[in-house]
Amino acid sequence: MLNYTIRRLFFTIPTLLFISFVIFLILDMAPNDPTGNLPMTIPPEVRENIRKSLGLDAPMYVRYLLWCNQFFINEPLNLLYEWFDWCIGDCENRTRVRSWSTRSPVVDLIVERMPQTLWVVGMSYVVGILIALPIGVISAYKQYSWFDQIGTFISMIGFSVPTFFTGVLLIVIFSVWIDQDSWFWLPSIYDTTLVVDSWGNFWLQVRQMIMPVMVLALYNAAQLSRFMRASMLDNLSQDYVRTARAKGLKEKTVLLVHVLRNSMIPVVTVIALSVPQVFGGAIITEQIFRVNGLGQLLIIGIQGADIPLVQTLTFIFAVLIVLFNLVADILYGLLDPRIRYD
Amino acid sequence: MNMKHILAGALGATLVAGSAVYAGSHEAQQGRDGNVNIIYWQAVSILNPFLSGGTKDIDASNLIIEPLARYDEEGNMIAWLATEIPTVANGGVAEDLTSITWNITPGIKWSDGTDFTSADVVFTAEYCMNPDGGCQQLTSFSDVESVVAVDDLTVTVTFTKPKPFPYGPFVGGTSPIIQKAQFENCVGAEAPNCTEQNFNPIGTGPFMVDEFRANDVVTMVANPNYRDPSKPAFASLTFKGGGDAASAGRAVLETGEFDYAWNLQIDPGVLADMAAAGNGTVISSYGTAVERMMVNMTNPSADLGDLRSTLEGGPHPFLQFAEVRRALSVAIDRNLLAEVGYGKAGTATCNVVPAPAIYASTANDECLVQNIDLANQILDDAGWEMGSDGVRVKDGVRLSILYQTSTNAVRQDTQALVKQWWSEIGVETELKNIDAAVFFGGDQSSPDTFQKFFADIEMYTNLFDGTDPEAYMNSWTCAEIPNPANNWLGSNMPRYCNPAYDALATELSTTAAIEDRARIVREMNDMLMSEGAMIPLVHRGRVSAHANSLQGVILNTWDSEMWNAADWTRSE
């Protein structure tokens, strides 16, 4: 297993370098321009000057190598300097990957946005899993019962109704229709500056998280509960279940120990593979509730043709996806004794 | 209220005439009204307007840093950090129009307590005019030869040529003053690396930065060194960004979570429904923005290769004829376009310069009323015969138009309506829309930019900053035509080239008297309109909204929308 892991890790290096190049190439070919969203009152000569000051007049491969140098060498060295005070080279004047719209280091922007994305999107996954697993188990055990029918119906709705609809619907109900003094009123705009340092603020934090978390959780739970149900159904008809029952085991033990454990194998993989999406944020939901996390950062970067920002963010997502694919494969091996890699 | 308070109130009221009405009801002290929440659906990226031309960045930074003079809501110039507006009459502007001298109001302090001096003003000019800095507000400093501090409170700007309108540098929200001590090491190529300075500029304005989260939110607190100790009324300010215009409007008008929402470009009916909730007020104001069609006078045919849409490629097969351009214009119902797309934020117009009032012409008002019959008549008279497929033809040339614009719901509605009207006069229209970042971006490799104009008609909004249209009118001189030789940099999209127009532009650049300037601008406007180089559609206003409890908001389209935030107060 260790050999396998090391071999896989080794292979990720060329894969990731290739991915970074492809992303850069695509971004470079996109007919987008960082001065495109500026007001019309800025004349073309000034726009040309701005492009030059951003380094856009250099050839494509120079810009790519510069980015590689900044991202693979300067940024890690800077992390070492900031976290451990280890100084290698010129620590104060290191050129870092800078966003074109904010002129600040991209990595700092990402670090600033990580908390709200992890809280909201991460929490929505946790809630989604907590809802989906019991629904999946019961739906499969009582297949075609009224519970199963309602569960199927709700998950179809969750799956097919887009978050920009459910999000706005919840805002209209809980922020507009319900009176602001009421206990049930929820804020439609997420306050990213809120510091949780008291019970009062914790309550505010919970309240502002409820709507975005529920919107995303409904969507995630819908997907996951279908997986869980299908996986349970596969296992329930297996011979070992009949054996377990024949041995006289209690139905609860059969279901929750034997069947559930085996059914969890594919579901755990699905969960592991979707962890990178947590970091990727939820672009639409973050926009609706103005959570302003990583998803919103990405979409603003794309709209403003902020190439260093988009390049860095997409590349970090790529790293996460590659890594969690590996994690999922390893988990699979650990959970399922029938699968061995060596 | 005892006698002392009454006296203090009266004194305050005379000092701050603008907000006298509100000052009376409050104790006149800074920070008495708590927090004010502002929402912009575009998030602030940076608080240094010299490194970002975005309106949201300029507006947010204008709460912190200020220019020497501003425009008020009627477009009049008012002294801000200066004692008065320099003119030839008061000796501030040289007789030969080559220099202007500003006198700074004594006693103004930066928010860190140091004195605001002429050195800061001189430094600001050097900062922006540095060729390696990529300054986005360079237009304000065009034709500036030097900026010199005469003494601590006097600055003289010298121009390379006579400037009849010398109010470019340090006037209006796009040209504020930054502190020399703070930005001294951030000049030229170093400018973008000064994140700390760019995110936390020290200013003279009513607020200063408390926390800045790029592309998300800015929190500000009142500046304790502000020149008027009774302002601002708010102790803190939250400037939230992101999302879309509709939900920003909802946050002010329906849920009441925010006090001010900027630029609510949404369906007029939806906005009216939101306003009906009664929490807030929708305000609108008109500047110089006009949604217009640019008519391509050159041939955009792909067969021409590198000569597409250039003068060398020859005139347009049918748009070269004035009667076709006129017919296209009179076939449009501008009032309907304004009503459907813009509501309170638009009125029909037949001019490319609709404001300020003295520049606005009335000679072209024929187009205000749609007249399909007249359009058909014009084309019939000119010999364009209706073909069997409903498209007019003359000498083998079909009236078939490719009509492009940026992707935007209102623009696509407009396109659809226009296509319908043009089909009624025998003109076939193909519609195309392009993502704004591509259309308005200057990517040399993209064929879809508005400068390349590989289409017959294109539509967008243009405007000019401040109140002087000289630079704007220069857009349509022959020298401004985009072509491959100048990398398509130029603003004369119609490729309109008329020596008589160029002569008027030269005359304008040497004329100082405002009445004469107005006459020349009207003449230039009329020349463009009568020749149909552009088809103006809608004079667009700005629509914002504020909570009913927020008092003192005056929407200003000539300057930053935040220009008078120091005077905002909260009513009970």
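Reader: How far apart should the end C-alpha atoms of helix H6 of chain A be, and how far apart are they?

Author: Helices (H or I, at least four residues) and strands (E, at least two) are DSSP runs, numbered from the N terminus. The expected span of a helix is 1.5 Å times one less than its number of residues. Helix H6 of chain A has 15 residues (163–177), so it should span 21 Å, and its end C-alpha atoms are 20 Å apart, which agrees. Bear in mind that this is a predicted model, where local features need pLDDT of at least 70, side-chain atom pairs count only at pLDDT 80 or more, and totals for chains, interfaces and linings use all residues. Residues are numbered from 1 along each chain as its sequence is written, chains are lettered from A and ligands numbered from 1 in the order in which they are written, and side-chain values use heavy atoms, with hydrogens and water left out.

Reader: Which residues of H6(A) are buried, and what do they pack against?

Author: Buried means under 20% relative accessible area, exposed means over 50%, and partly exposed is in between (1.4 Å probe, protein chains only). In H6(A), the buried residues are Thr163(A), Thr166(A), Gly167(A), Ile171(A), Ser175(A) and Val176(A). They pack against helix H7 (199–236) and helix H10 (283–289) of chain A, together with helix H7 (245–253) of chain B. Contact here means heavy atoms within 4.5 Å.

Reader: Okay, salt bridges next. How many are there over all chains?

Author: You look for a side-chain nitrogen of Lys or Arg within 4 Å of a carboxyl oxygen of Asp or Glu. Searching the whole structure gives 34 of them over all chains. Take Glu66(B) and Arg227(B), whose side chains meet at 2.9 Å, N to O. Glu66(B) lies in the loop between helix H3 (55–61) and strand E2 (69–71) of chain B, and Arg227(B) in the loop between strand E8 (217–222) and strand E9 (236–241) of chain B, so the pair ties together parts that are 161 residues apart in sequence.

Reader: Are those two partners buried or partly exposed?

Author: One of each! Glu66(B) is buried at 1% relative accessible area, while Arg227(B) is partly exposed at 32%.

Reader: What else touches Glu66(B), leaving aside its neighbours within four places in sequence?

Author: Its contacts include Trp80(B), Leu81(B), Pro176(B), Ile177(B) and Tyr226(B). With Trp80(B) there is also a side-chain polar contact of 3.0 Å. A polar contact is a pair of N or O atoms within 3.5 Å; within protein, one must be able to donate a hydrogen and the other to accept it, and residues adjacent in sequence count only if both atoms are side-chain atoms.

Reader: Which residue forms a salt bridge with Lys240(B)?

Author: That's Asp216(B), with the closest N and O atoms 3.2 Å apart. Lys240(B) sits in strand E9 of chain B and Asp216(B) in the loop between strand E7 (207–213) and E8 of chain B, so the pair ties together parts 24 residues apart in sequence. Lys240(B) is buried at 4%, and Asp216(B) is buried at 2%. In chain A, salt bridges that share partners join Asp33(A), Glu48(A) and Arg51(A) into one network.

Reader: Last one: in what order do strands E13, E14 and E15 of chain B form a sheet?

Author: Two strands pair if DSSP finds at least two bridges between them. Here the order is E13-E14-E15 in an open sheet of three strands, with antiparallel pairing. Strand E13 (385–386) and strand E15 (397–398) stand at the edges, each with a single partner strand, so one side of each is left without a neighbour in the sheet. Two bridges join strand E14 (residues 392–394) to E15(B), and Val393(B) stands opposite Arg398(B).
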